[in-house]
Amino acid sequence: MRSLLAFRKIPPSFLYRCLIHSKPFCSQSRFPSENPTPQVNGSASDENPLTSSSLAVANLSTTKPEHKDDEARVIDVLLDRRNNPESALRFYHWARPWRGGSFEVDDAFWVLIHILVSSPESEGRARDLLHRHVYSSSPTAMPRVLVSSLVESAKSFGFEVKSLPFSYLLNAYSKERRTDHAVECIRLMIELGLVPYVRYVNNTLSALVRRNAISEAKELYGKMVASGLLAGDKATAHLLMRASLREKNPEEALEVFKEAVERGAEPDGLLYSLAIQACCKTRNLGMAFGLLKEMKEKELSVGEETYTSVIVALVKQDKVEEAVRLKDEMVSDGIPMNVIAATSLIKGYCKNGDLGSALDMFYEMEKEGPSPNHVTFSVLIEWFSKNGDMEKVLEFYKKMEALGITPSGFQVHSTIQVCLKGQRPEEGLKLFEEYFETGIANIFICNSMLSWLCKQGKIDEAKNLLRKMESRGLGPNVVSYNNVMLALCRKKRLDLALTVFSEMLEKDIKPNDYTYSTLIDGCFKNHDFHNAWEVIGQMNSSNIEVNEVVYHTVINGLCKAGQTSKARDMLEDLMREQRVCIGCMSYNSIIDGFIKESRMDSAVAAYREMCGNGISPNVVTYTCMMDGLCKSSRMDQALEMRNEMKNKGLKLDIPAYGALIDGFCKKGNMKSASALFSELFKEGLNPNETVYNSLISGFRNLGNMEAALDLYKKMLKDGLRCDLRTYTTLVDGLLKEGNLILAFGLYTEMQAAGIVADEIMCSVIVNGLSKMGQFVEVVKMFEEMKKNDVTPNVFIYNAVIAGHFKEGNLDEAFRLHDEMLEKGLVPDGVTFDILIRGKYGESQPIGVESL
């Protein structure tokens, strides 16, 4: 239409009528038609169509001038109508019609925008035009270009630079989800000192938070606050608090809340709710309850989320009773219990050991709602599993299935474990098989089952599970193989363990430190030194980073195998090559090895070397050294070790006191032993059976059975059980005193406790009875030993043979001699003295001296 107007002469009368009705010559505007707005200040251009402005329009309409001149004339008309924005808009649509989804954006456009924002009635037109421009431009116009155009046009044509058109531009970018452009627009407005509309700023901040650019949102807000132009409103505070909570920074959320209140913002329900949630996350329940009270005083509605946040926080701080009261308050406010609050309360009850209340809450959920969910069942299964309540665990498990909730790997594992530990392994195995077939059982559950099978000695079942795992694509991994190899080593089936190790290598499963530690330890315990060094060689060639634990396993194995010198050489090599950081454990093994080999001087040398290498001895080191020195009758050096230990701030433990006390008891120095016994109590320690046995044995050796029996009574009073050594020592001492009644009373007590007499106890009794001439009782003891599958030793046979010889039963005496030979016992000189010379001399029962 406009092309026709450009080449045809329009009659002046027609042009005049068009201007009177303010309709453009082109087709209807894209905007909805509106009634003409009354003139502002009586514009002359609408009163007289033959004014200069009208003539300018006539010239525009009848000729095709250069664009630059055309734009200048359009601007002149627009400026002439600046007090009538609607008229200016209609003229602009005629002069710059909408074509094919776009229109020209020149100075005339920006002049029109300034005119439109000057009147409240036409502000919306400016907003729509800017939105249409941003929407239709391709590529999207850059903010710096558009902002610059707005500023320059304002300066050039005498308009005030207002925030409104810039805010509308910001709004346009936000609506079109051009968030980066919107951010840039805000930054430019800050540079110009213009205050953006807070609603549009909030839209931009919200867009940043939605795309997880929270730090950028905070930075933008910080710049606005620092400029002093805008601090935001409650909606801004909502946004920033949510963003801070999303970033798990509740402290920052509370700062936003406090700043909003300080600026005079009246908190609404949402602001309070977010602040309370932040308080709960910072464990500031005092402030949370204070804000909750404020909400109620202001008659603001407290929502479900707010109540739930505080209930969960209370439970986390073990304030279950307060949480229950708040739950009741929530329900009384008409808010039904939700599954999060209920599950949290159940967990709180469980943590406090109140499983009954947890069950009540669960049954209440089943009856009145809400329906328990996956998390609820997880909490119940976990805690009832810890309590060993297998029946309840299975009940929860079945109810979960009935509700159509697929159990997680954790729940399956917990249920299986409680069955295995609760003496119902067949049910646990059945569950495992079921979930292995359905695919729920993962590698963790399979490895757990492998571990259980191995601990039960079910090696074949474990190996079968390994094969099934492989066929299902569930590994097996290095942990799986380690479980099986450890079980085989414990069962002393080292050959099979090494076979499994070879299979593992063939499947390209890389062994770890634990693999090598297990095999090396198994080899040394089985005295298979050849394979031990084979595994060590394989480990060294695999270029695996071996830690101290593996080398300690090697050193400890050598020491226990009686090759302590070799272990020390290896330790020296490791220290020299600095392949691994050697600690106290390895030296402790070497020191203990030398002591067991009765090489105390070597042990002392190793101790000094350890200290010289800057490795500090620990309590185990000192205890080991003191024990060795005491057994070597070097009590002065043992006491020096004790003093050195104290000077370094280390406290003696029960084994350390036990070593010193035993050393003094064996020396017959009961005064020093008793002093250490008293010191032990002052240090807050409680002696064990070993300490008591040393003291009882010491007093027995001195013939002080009264003191020995007092210790026996104290031992029982302290709740300790007497062991075989205790009873043997006491019976031996009492029989030596001729106290047969009390001796046999203790022996009867021992039998009632389920303790079976060993060879040493029987020897002690036989010796005592023989000296008292109680031959009939000796024979009874002899027969009782055979009945209990305890082979009598040479000392006991001699006593029985001597008794028969004295009774004139020579045939029985010689028969017992032959029986000795059949059992592989070698008669000694006492035996021949009895049978050949008829003489029975004094001898000490075997093993009594060690008591």
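Helices (H or I, at least four residues) and strands (E, at least two) are taken as DSSP runs, numbered from the N terminus. The model is predicted: local features need pLDDT of at least 70, side-chain atom pairs count only at pLDDT 80 or more, and totals for chains, interfaces and linings use all residues. Residues are numbered from 1 along each chain as its sequence is written, and side-chain values use heavy atoms, with hydrogens and water left out.

The protein chain contains 48 helices and zero strands. Of its 851 residues, 49% are buried (under 20% relative accessible area; exposed is over 50%, partly exposed in between, with a 1.4 Å probe and protein chains only). Contacts are defined by heavy atoms within 4.5 Å. Among contacts with a separation of 6 or more, 64% join residues 24 or more positions apart.

C446 belongs to helix α26 (residues 443-455). Its relative accessibility is 0%, so C446 counts as buried. Beyond its neighbours within four places in sequence, C446 contacts F432, F436, L465, M469 and L474. A462 lies 16 residues from C446 along the chain, and their C-alpha atoms are 10.0 Å apart. H552 sits in helix α32 (residues 548-560). H552 is classed as buried because its relative accessibility is 13%. Residues up to four places away aside, H552 touches M585, S586 and S589.

Salt bridges were assigned where a side-chain nitrogen of Lys or Arg lies within 4 Å of a carboxyl oxygen of Asp or Glu. This rule gives 35 salt bridges. In one of them, the side chains of K392 and E395 meet at 3.0 Å, N to O. Both residues lie in helix α23 (residues 390-402), three residues apart, or about one turn of the helix. E395 has 21% relative accessibility and therefore counts as partly exposed.

R815 and E819 also pair, with their closest N and O atoms 3.1 Å apart. These two residues are four apart in helix α47 (residues 810-822), so about one helical turn separates them. Elsewhere, salt bridges that share partners join E366, K392, E395 and K399 into one network.

A further salt bridge links K714 to D718, where the closest N and O atoms are 3.7 Å apart. K714 is partly exposed, because its relative accessible area is 31%. D718 is also partly exposed, with a value of 39%.

Patch residues have over 30% relative accessible area and no salt bridge; like charges are joined within 9 Å, and nonpolar side chains (Val, Leu, Ile, Met, Phe, Trp, Tyr) within 5 Å. Lys and Arg count as positive and Asp and Glu as negative, while His and the chain ends are not counted. Each charge is placed at NZ of Lys, CZ of Arg, CG of Asp or CD of Glu. K248, K281, R283, K316, K319 and K347 form a positive patch. Within this group, R283 occupies the loop between α16 (269-281) and α17 (285-297).

Conventions
Areas by Shrake-Rupley, 256 points an atom, 1.4 Å probe, with all protein chains shown as cover.
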